[in-house]
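Welcome, and thanks for taking a look at this one.

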Amino acid sequence: MTTQIKSLQEYKDTYKYSVESPKAFWKEQAETFTWKKPFEQVLQWNFDEPNVKWFTGGKLNITENCLDRHIETRGDQVAILWEPNEPDSPAKTFTYKELLAAVSKCANALKANGIQKGDRVVFYMPMVPELAIGVLACARIGAVHSVVFAGFSAQALADRVNDATAKMIICSDFNKRGAKNIPIKTVVDDAIKLGCPSIETVLVHKNTGDSIEWSGVDKWWHEQVDPQSADCPAEEMDSEDMLFILYTSGSTGKPKGVVHTCGGYMVYTCYSFRNVFQYQDGDIYWCTADIGWITGHSYIVYGPLLAGATTVMSEGVPTYPDPGRFWEICEKHKVNQFYTAPTAIRALMAKGDEWPAKYDLSSLKLLGSVGEPINEEAWHWYDKHIGKSKAPIVDTWWQTETGGIMITPLPGITDTKPTYASYPMPGIQAILVDKEGNELTGNDVEGLLCIKFPWPSMIRTTYGDHSRCKNVYFSAFKDLYFTGDGARKDEEGRIRVIGRVDDVINVSGHRMGTAEVENAINEHPNVVESAVVGYPHEIKGQGIYAYVITQDKELGDDFRQEILDVVKREIGPIAKPDKIQFVTGLPKTRSGKIMRRILRKIASKDSSNLGDISTLLNPEVVEAVKDGALV
Ligand code: WTA
């Protein structure tokens, strides 16, 4: 097992060692895993191309490390504890032995359906155990998984399937979310109708069994998987072979496929899981994320299983059947580590203190937060009402591209301070730079957050477009990975991540490119142009504010609804603007660029001082936009 830091002194010593001798440090951690062939070199890298390779020459299979190597020591321990949508239905458990058998059966079914090493498989599923099983089955045979969050639209799904030229989609018939049964196989059908020429098979998991339409490419999961042998040899993978693609939003309209590879991702997710959550044998760990996002990949599936943990996976929503649901599950399964998003905390906080008060939360040893800055009020509520001021909060900063948690307190080891992600993990050289890329040394500074040296689980490329990876992350500053976030350091060097400095907004912890939403709005035939910005939102962190220029003079609520429908169709309900303001013009620079800074200020009700507008081509529109602002 990778090492686990136990004291502040050990953290300091380990951090120092990891920076002074990164190769030696990571070599020691990597050697704790099962390799089919040992690696020859720890690291080769340059950030110019970029070209980063960890544990070169090493051969492994990540599922052997998640499953097989635990069979002797903890074969009968629960690996996945699945809590269904309906509170009255019993939880379902998979021991490590059972999970290995289930993954192997599914892997054999994938092979029987023509999936080979290197092929891409897209998942479009609710939070059912079959999603985790399917993902691991891909990894077992060396197929590349790409999970698409099951709230995305048919168009968004088709775009991702086609970008990845996937051979297979694995989906469920329905997605149970609270009292709703959302048909999701129909979304896959619609995506196929839009055109997914590479798809040969759609494997359908029966979740509710309600009737669905059926076509030539469809096959039932149970008919394909159940008859298979529970023995499937683990494919030998190179350390740098692709493990998965996960699409995420950037500043341009097109989502990018972030690529992670086998060896480095394995080492870092296990190391970070064990240290950040201080997992001890017998603990019950629960992360409420969806496997459609990176948090679910790294800290529901891979990290916990690599560490031999019991990981809770839950279907449904936090407010069904009532806003006590999370706390009820914590009590029921005696959860020790609980990891969720600030948006969920704020939403539940708004429902009142009486909900957590109904449940015995004494099993909780630590609380985690991820996905967006946590505001002070939510931090204190979480601490007081959930952790009873006894469970340290780990405010974990990281990204899809970083693969694992980068900046975080270590519970009970380093101190915590509300709204601060605080200190970097061992091996992570986080620095702040000014706009020219000069490092801001010392404390009490504010700047752009960059990482100076490679870490094992970092992004390797953006699928099918390496130059995009270079341009977005490695071209801003020489020899630095640029995160896209702004941050400040306090007097003691704790880091607080303030938010994005690019055109990406963070809505309920979901990353959204403003250009993506604009492209969708512009699909409406009566829209001339649009500009989308984020504004502070009490529950979601940021809300979506859209300024829309239209040809139509008669604008009513119908039109507003049509725009919402277009966005829902093009991306999905998560991208629907909270506010739509119709305008006759948008503030632009002489070169024709929209001045978003001004629009952001107006949307944030902060328009008293708009800064320098002398470079505007059309300063007169600013007053008009201000006058029409939706408050
Ligand atoms: C933001 C989620 C402040 C940040 C794991 C980052 C945070 C983006 C935090 C990545 C945090 C994530 N404090 N901001 N603790 N965690 N962010 O790729 O802007 O979905 O760049 O990864 O979320 O979002 P992503």
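Phe55 has its place in strand E2, where strands (E, at least two residues) and helices (H or I, at least four residues) are DSSP runs numbered from the N terminus. Its phi is near 55 degrees, a positive value in a residue other than glycine. Phe55 is also buried, with a relative accessible area of 0%; buried means under 20% relative accessible area, exposed over 50% and partly exposed in between, with a 1.4 Å probe and protein chains only.

Before going further, please note that this is a predicted model, in which local features need pLDDT of at least 70 and side-chain atom pairs count only at pLDDT 80 or more, while totals for chains, interfaces and linings use all residues. Residues are numbered from 1 along each chain as its sequence is written, and side-chain values use heavy atoms, with hydrogens and water left out.

**Backbone features**

- Most residues other than glycine have a negative phi, and most peptide bonds are trans.
- Thr419, which is not a glycine, takes a positive phi of about 75 degrees.
- This threonine, Thr419, sits in the loop between strand E20 (393-396) and strand E21 (430-433), and it counts as buried because its relative accessibility is 9%.
- Glu49 and Pro50 are joined by a cis peptide bond with omega about -10 degrees, and Pro50 belongs to the loop between strand E1 (41-46) and strand E2 (51-56).
- Another cis peptide bond links Tyr320 to Pro321, with omega about 0 degrees; Pro321 is in the loop between strand E17 (310-314) and helix H11 (325-333).

- Helix H10 (residues 294-306) is mostly covered, with 13 of its 13 residues buried.
- The backbone oxygen of Gly308 is reached by the side chain of Arg74 at 3.1 Å.
- Arg74 lies in helix H3 (residues 62-74) and counts as buried because its relative accessibility is 14%.
- Setting aside neighbours within four places in sequence, Arg74 is in contact (heavy atoms within 4.5 Å) with Tyr96, Asp281 and Gly308.

**Glu518**

- Glu518 is part of helix H16 (residues 514-522), and its relative accessibility of 8% is why it counts as buried.
- Not counting residues up to four places away in sequence, Glu518 touches Ser530, Ala531, Val532 and Arg596.

- Phe152, Ser153 and Gln155 supply 58% of the area that domain 2 buries against domain 3, more than any other three residues.
- Across this interface the rule finds 0 salt bridges, a salt bridge being a side-chain nitrogen of Lys or Arg within 4 Å of a carboxyl oxygen of Asp or Glu.

Technical notes. Buried area = accessible area lost by both parts, 1.4 Å probe. Polar contact = N/O pair within 3.5 Å; in protein donor to acceptor, adjacent residues only side chain to side chain.
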